[in-house]
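Let's take a walk through this protein together, starting from one residue and widening the view as we go. Have the sequence and the 3D view side by side.

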Amino acid sequence: MLKEVAKWVLVKKQRTSYKRQLKKKSNPYDKWQKQQEKLAAKDTFEDADITVLETEVVHYADVWKRDTSAPQPNKILIFVSPKGELTKSAENEFKRFFMQNQDINVAYADEDQVDEKGHFIKPYFKPDWSPDSYLNAFYIGSVFACRERTFADATSDYDNAVKMLGGTNVQKNSPEAVGFEASLLSADVLFCMLAIHEHAFARRTGIRFPIGHIEKVLFHREGEQDLFYGRNFHNSKHMLIRPAYVSIIIPSKDHPELVEQCVDSIIKTTGEPELKYEIIIIDNGSSAFNRVKYGSYINSVQRKNGLTGIKYNYHAEEFNFSHMCNKGAREAKGEYLLFLNDDVEAIKEGWLRELVAQAQLKHVGAVGCKLLYPESDLIQHCGITNVRRGPVHKLARMHDKRTHYFGFNRGVHNMLGVTGACLMLSRQKFAEVGGFPEELAVAFNDVDICYSIFEKGYYNVTCNHIALFHHESLSRGIDTLDARKMERLKNEYDILMRKHKAFYNWDPYYSKLLVQDETVSAVMTKEDYTPDEDLPYQHVSVHNDGYQAREDAVLRIGVEYAETMENWLYDIKDGNAEDGYFIKGYCFVIGSDNAFFDRKIVLRQVEKGESGAQVVNSTVYSFGVYTWYRPDIKARLSDQINVDLTGYKARIKKNAIPPGFYQIGMVAIDRTSKLRLINWVPNIINIR
């Protein structure tokens, strides 16, 4: 009885402490944004060489009431939704932007929502100018601005804007085009006019955008306001500009059954009269038995539903994905090239037409689509985003039934990259960038070609309104510390970054104020209200005989960064460790109340060998963590208990641990019992 009472007291105490800590850390965005606005209110700027601009705020519904006969050269017009308000610094920020960017005439800004208690919530940190996302949805939202002379000049593009948006030819000054009910026309058509005038739907010169994006929240919209003004991301059917011929290139080895499934699904779901295609299978070394199976199947395939023929190219050689794709492209006859994994399965009619419809646009480069795990709504790929630790597949293993972060998994989106598992582009653009990089044999070759295409001024596109099944195993991952694979991955990533230095920790379509893992379901501005550089160093404890705890896979660990503090704060590649090291991520115990657990990071030294990375000795180093509020983890793990505070961050002083390579693990200590759990992950940190 006494033990039960003591247990009850401990449980109650721990839950009370957890709730207190959660209340203190919850809604860091509201605190952060209010702090930003206080700092902005004190901020002033002067430039004696530039005439100070004037601003005028115009509600969307009043757009067509303005007189455009005599525009003032130094005047900025800020167009806003009537349901909400500008931040106090908004006019100043727009002035600053246009003064500092003399070649930009149109810009938009980020925004958030105000709840009934006056808290700032649901910030929308928008991508940089995304013409194809815009044509699919009015993601510009509640606030944008332009120079008054640009507004006056752009009014002649009214009819073209209405046509481009698929609307009817409503007269500008008619009752239908005036008033808040016509906000789609007043805001959306106006912005489209401005974008047309600025040639924003054409190929760029280099990586600079024709439309500006101020990466600050400058508008607080009211809760009931529709952010997209009735034009949300949708499932449009896009028509071909002209008839097209596609070459589908499928690298494959020893998987005739997958090729059969893939090709059968293509034939079954394609039958457009204006769409013809050929299939080219590139085999780099299948067994004699499987070569016979490939040949037998290919000979049995009926040439129907647009299929003109199948080629089978066999040549035994070392695996090089880029080389195989380039070889297929050289044999191809099509105007458009589709690179497709052999484990991809088409599931719905019209998918190939949609890819071609985007690839036919002059300003569009690489085109991909959403990939799902078979017979499920779990996302495998939804576009490639470049975060601090490199390219990641956004929304991986999250449910597609749910709409994520302002329609991220819906409709058409401009993205920095798409996966080579399904990548289409025109033959001309493929040749323009020299094809796939053969120095990247295994990893990052699809990322490299997408980066190269973007650098040429094209916009890459992910069609998240269509989906294919990708039969990649859900359990796929790094099960062991394979040193050779890790070394190869690092080397290929270094090649990628050396070729494309501009993309080190930068993605124009993904704000640095969004989470840095595969999700986009929550926003952590500065990741917490406490800046990372202000975190205290953790004391390191040494356990010569190992850490005494039960090793158990129910302790799940995510490591999102493990490198020097300099790299994290200042983006200095291969920087020194004068300010020590920084490790961050999340950790939770499956099936348990996570309010009961304290956590520690543990490190053990490993060395690289032919068979992988091996543990050097029994010594383990442990240190505490800063608890980090992670509502995104809660959203992903709705079936788990108290996972809001499962984030962790820790700083380690330089020389606190002997130099070497260390495997990262975590310890979870149950404060209501004697239970101690430990688990290790393949992530390694290099202590210099």
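**A buried tyrosine and beyond**

Tyr229 has a relative accessibility of 6%, so it counts as buried (buried means under 20% relative accessible area, exposed over 50%, and partly exposed in between, with a 1.4 Å probe and protein chains only). You will find Tyr229 in the loop that links strand S7 (212-222) to strand S8 (244-252). Helices (H or I, at least four residues) and strands (E, at least two) are DSSP runs, numbered from the N terminus.

Before going further, a word on what you are looking at: this is a predicted model, in which local features need pLDDT of at least 70 and side-chain atom pairs count only at pLDDT 80 or more, while totals for chains, interfaces and linings use all residues. Residues are numbered from 1 along each chain as its sequence is written, and side-chain values use heavy atoms, with hydrogens and water left out.

Now look at the backbone. Most residues other than glycine have a negative phi. Tyr229, though not a glycine, has a positive phi near 55 degrees. Asn655 is another non-glycine residue with a positive phi, at about 75 degrees. Asn655 sits in the loop between strand S28 (647-652) and strand S29 (660-670), and because its relative accessibility is 62%, Asn655 counts as exposed.

Another loop to visit runs between strand S17 (412-414) and strand S18 (422-426), and it holds Thr419. With 7% relative accessibility, Thr419 counts as buried. Setting aside neighbours within four places in sequence, Thr419 is in contact with Leu371, His381, Ile384, His393 and Asp446 (contact means heavy atoms within 4.5 Å).

Next, turn to a pair of helices. The axes of H8 (residues 256-269) and H9 (residues 288-300) come within 9 Å and cross at roughly 20 degrees; axes are lines fitted to C-alpha atoms, for helices over the stretch in contact, and angles run from 0 to 180 degrees between N-to-C directions. That angle makes H8 roughly parallel to H9 (under 35 degrees is roughly parallel, over 145 roughly antiparallel, 65 to 115 roughly perpendicular and the rest oblique). From H8, Pro256, Val259, Glu260, Val263 and Asp264 meet Asn290, Lys293, Tyr294 and Tyr297 of H9.

Finally, step back to the whole protein chain. Its secondary structure comes to 16 helices and 30 strands. Of its 688 residues, 58% are buried. Among contacts between residues at least 6 apart in sequence, 78% join residues at least 24 apart.
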